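Please read it with the model open.

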Amino acid sequence: MVKVSVVVPVYNPGRYLQPCVDSLLRQSMPPGECELVFVDDGSTDDAPRMLDELAQRHPHVRVHHQENSGWPGKPRNVGVDLARGEYVQFVDQDDELAPEALERLHVMAVRNGSDIVLGKVGGSMAGPSSVFARTVERCTVADAPLIESVSPHKMFRRAFLLDHDIRFPEGKRRLEDQLFMARAYVRAKTVSILGDYVCYYWQRRDDGGNNSGKASSMRGYYDNLREVLDAIEEGTEPGELRNSLLRRFFRVEMMTRLREPRLLRYSDGYRNEGYKVVRELALERFWSGEVIAGLSPLMRLRATLLERDRLDGLMEIARRCEKVRGFAEVESLRWEEGVLRLGVRAGLVHPDGSPVVVTKREGRYWLDDRLVVGLPTLSSGWDVGDPCEHTQAEIRVHHLDTNTWWFAPGELKGSLVALDPAPAPRYQVVVSGTASLDPNDLAGGSPVAAGRYEVWLSVQTLGLGRPVRVTLDGSPAWDDVVVPAVVGNPARIVVPHRTMPIGQLMLEVDERHQALAGALAARGVGPLHAGGPRLQLTIPVQAEPGAAGRDVEVVVGRAGSARTMSARIEPARSAVLAFDDATSLPSGRHPLALRTDPSGRQPAIPIGTAVVRDGRIVAIQSISYRAIPRRVLARITADPWLHKQAFKVIEALPDAKARRARKLARRLARWTRG
C-alpha cells in the first residue's frame, strides 16, 4: 500500500535536481510505502533522461513527460491525478526533504485524521515563522495562524483534494500557490503542524532561478490576488474569521509594497504603477466591514493615507518608520533546574535613542508626534486605540549550522511605562517577561540538535516590528550567571557566552566546537580532591540534580609524550571532572587539556597545569596568563568558522607567503595541543 506520493514538478532544473532526488531517496519511509512522481513539464535540458534512468533503477519512482505548460500548476495537478498514495506531498525541484519527513508527517496525519499537515520549514530561504513555534496536533484556520504559511509544500490527504476539487490554476500566473492554499485552508476540518522537526528545506539557488518563470505585470499580479480574495470569501461566512484572513493579504500582498523599505527603493515609474493598482484594489475590496478597523495603529494610518490618495504621506511615514529600531535589555539570566531563564524588556526607539511613545489626551492615546506631525490630511494626530492591543514579542534562537529558527516558550506581555506626569503624559510601550532556553525542549517541544545558537528577540508595537539581537554588556555581573551547565539525561553540555565584539548571547550545545574547555580555562579550575582510585577536579559548571554524567577525555603532557585518560563530568553541588591519578609522565609540570568532542576529531584544549610527583598527579593549577595565546589559538583550530576565516586570509596572500603561512598555521595547531 502506498501511503504517500511525492509530487515534483520539473522544468530545466539543471544541477539543482540531484540534491532534491537524493533527499527523496534517503527517506526513512520504505520505498514500498511511498512513491516519487516526477512530472517533467517539457524540459529541454538533461532532466528527462536523468529521470527515466532514475525510474529504471528505482521501482517506486514514476516519471510523466508532458508539453511545457509554463508554470508548476499543471504538473502538480497531473501529479495528484497520477498519485496512488493516501497522502500527497508537494516538493519543488530545487528543494529537499529531511530524512524522516515523510514518515513523521504521515504518522501525524493518520493519528489525527488530518486533511493537511504542515512540516516545519528550514533552509536558506526560510525565515522565522511562528506558525511552526510548537507542534499542534489538531487545529483549523479559525484557531491557528495557518494563513501566514501559504506555500504548498505540505502533505495533503488526496481524497480531501479530490472531494473538494482543490486544484492549482494552470498557465502562467502569479499567486497560484496562495489560491490553492486559500481554497484548502477554508475547507480543511483538521490541520496538524509538525513543529519539532525540520521537514522541508527551502533552498536559495545561487543562479537566482527559484521562480518557475518570469514575473507577470503588476496589474496581472493583483488581478490574480482578486481570485485569492474570492476564494477566501467563497469559503467563509461574513465575520471575524473572514476579516482576519483578508487582513493577512492586505498587510502582506498589498501594503508591503507601500511601506518601508520597498516603497523608498522603487523607481518613480514602478512606485507609481504599484500605488495605482494597490489603491484600486483596496478601494474595491477592503473599505467595507471591519477588515481595516482590525489592523494595527500604523497599518490603519497607512490605509487611511492610501484611501485619501496621499502617496506623499505614505512616502513620508515610510521614511520616518525606517529609522525606528528595536531594543532588548536583559534584566535577568539564570540557570534553574537545567533551564536557562532569560528575563527581557524590549521596545522601539528613534534613531537618537529616545523612545517611540504614545501621548494620553482626554482619555485617548495618540501616536508619537515624531511619526505623524506634518503628515497630509492629519490635523489632530492619530488615535491608536489600545496601545498594547497589537503588542507582542518572541524570543528566537537561530541554529547557525542549519540556518533553522526555533522559538523559546515564555510569557512576554505589553505594558505602558509613564515618561511624563499629567496633564499630557507620554508613555512608552514595552514588552517584558521571561522565556525559557531549555535545550531539551527548545526545538518545538523536542531537544535541539548540537551546534551554535544565537539568541534574538522580535518585538512588535503599534504596528512596527523589529528583530533585535539579545546582547549582554561587559559588566562583571554576568560572570556568575553565564556559566556552562550539564543538563538532562543523557547529559548535554550547554555553554552560554557573549560573542565579540557586540556581546550577543549565544548557546553552544553538545560541544560541537569544544566551547566548554575554553570556558573552564577562562574561569579557572580546582581545587583537586582524591576520591578513591580517581581524582576529582572541581570545575565551574552548573549541574542540576538528576542530570547524568558525561564521558570526556583528559590529555596530560605535551605532544609526543602525552597520555590520554578517560574522564567523566559528574553532577554534584559543584560539578567535578573525575579521572585516574596515575600517569607515566616524569615529575614536574605538564599541560592538562580537555576533549569533550565525542568523535575524537577535535583537539584537546588546555584548561590547566598538572603537577606530577612520583608518577601521581598531586595538584592542578589553573591556566596561567602565559598560556592564553595557546588557548586562543586552540579555540581557532577547534572552531570551524574561525578556522575558515583564518584560512581565507591566508589564501588571499601571494603564493610564497601563503605557503609559509600554512606551514606556520600547522605548527601552531600542533603547539596548541601541547
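The points below take the salt bridges, then the helix pair.

1. Basis. This is a predicted model, in which local features need pLDDT of at least 70, side-chain atom pairs count only at pLDDT 80 or more, and totals for chains, interfaces and linings use all residues. Residues are numbered from 1 along each chain as its sequence is written, and side-chain values use heavy atoms, with hydrogens and water left out.

2. Salt bridges overall. The whole structure holds 43 salt bridges. The term means a side-chain nitrogen of Lys or Arg within 4 Å of a carboxyl oxygen of Asp or Glu. Side chains of opposite charge can pair when their charged atoms come close.

3. R49 and D46. These side chains form a salt bridge at 2.2 Å, N to O. R49 is partly exposed, at 42% relative accessible area. D46 is also partly exposed, at 43%. On this scale buried is under 20% relative accessible area, exposed is over 50%, and partly exposed lies in between (1.4 Å probe, protein chains only).

4. D312 and R310. Their closest N and O atoms are 2.7 Å apart, in a salt bridge. D312 is partly exposed at 39%. R310 is partly exposed at 27%.

5. R226 and E284. This salt bridge has its closest N and O atoms 2.8 Å apart. It links distant parts of the chain: R226 sits in helix α7 (residues 218-235) and E284 in helix α10 (residues 268-285), 58 residues apart. Helices are DSSP runs (H or I, at least four residues), numbered from the N terminus. R226 is buried, at 14%, whereas E284 is partly exposed, at 43%. Both belong to a network of salt bridges that links R219, D223, R226, E280 and E284.

6. How are α7 and α10 oriented to each other? They are roughly parallel, a label for angles under 35 degrees. Their axes come within 10 Å and cross at roughly 25°. Axes here are lines fitted to C-alpha atoms over the stretch in contact, with angles from 0 to 180 degrees between N-to-C directions. The crossing is right-handed: the near helix is turned clockwise from the far one by less than a right angle.

7. The α7 and α10 contact. Residues of α7 in contact include M218, L225 and L229, and those of α10 include Y270, V277 and L281. Contact means heavy atoms within 4.5 Å. By class, this contact has eight nonpolar, one polar and nine charged residues. Asp, Glu, Lys and Arg count as charged; Ala, Val, Leu, Ile, Met, Phe, Trp, Tyr, Cys and Pro as nonpolar; the others, Gly among them, as polar.

Conventions:
Helix = DSSP H or I, 4+ residues; strand = E, 2+ residues; numbered from the N terminus. Parallel < 35°, antiparallel > 145°, perpendicular 65-115°, else oblique.
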